[in-house]
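Please look through the model shown here before reading on. The paragraphs that follow go from its confidence to its helices, and then to its surface.

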Amino acid sequence: MYDVELSEYIQRKMNRIQAEKTEPVLTESDIQKFYQSLNEANITDPKIRDEHVEKAGSVERAKK
């Protein structure tokens, strides 16, 4: 999943939750922790990222 797709998915879910609830679901601290976790898990090395994408694709194809 690409970061843009993930961002759009999260935004859609947050919009739905916000429409249903009147109080905030996540605090600013929660959001920062979540962002930090994603940032630390991000693969920045192009070679390692390519290997990851290839392996993830082969797993997905095997499920079908």
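What is the mean pLDDT of the protein? The mean is 87, and 98% of the residues reach 70 or more, where pLDDT is the predictor's confidence in each residue, from 0 to 100. This is a predicted model, in which local features need pLDDT of at least 70 and side-chain atom pairs count only at pLDDT 80 or more, while totals for chains, interfaces and linings use all residues. Residues are numbered from 1 along each chain as its sequence is written, and side-chain values use heavy atoms, with hydrogens and water left out.

Helix α3 covers residues 46-63, and its 18 residues reach 26 Å from the first C-alpha to the last, close to the 26 Å expected at 1.5 Å a residue, the expected span being 1.5 Å times one less than the number of residues. At the start of α3, a side-chain oxygen of D45 comes to within 2.9 Å of the backbone nitrogen of K47.

Helix α1 holds both R16 and E20, four residues apart, about one turn of the helix. An α-helix has 3.6 residues a turn, so residues three or four places apart point the same way. The side chains of R16 and E20 meet in a salt bridge at 3.4 Å, N to O, the term requiring a side-chain nitrogen of Lys or Arg within 4 Å of a carboxyl oxygen of Asp or Glu. A search of the whole structure finds one salt bridge. Both R16 and E20 are exposed (over 50% relative accessible area, with buried under 20% and partly exposed in between, using a 1.4 Å probe and protein chains only). I10 also lies in helix α1 and is partly exposed, because its relative accessible area is 28%. The C-alpha atoms of I10 and K55, 45 residues apart along the chain, are separated by 24 Å.

V25 is found in the loop between α1 (3-20) and α2 (28-41), and counts as partly exposed because its relative accessibility is 38%. I31, by contrast, is found in helix α2, where its relative accessibility of 39% is why I31 counts as partly exposed.

Terms used:
Helix = DSSP H or I, 4+ residues; strand = E, 2+ residues; numbered from the N terminus. Polar contact = N/O pair within 3.5 Å; in protein donor to acceptor, adjacent residues only side chain to side chain.
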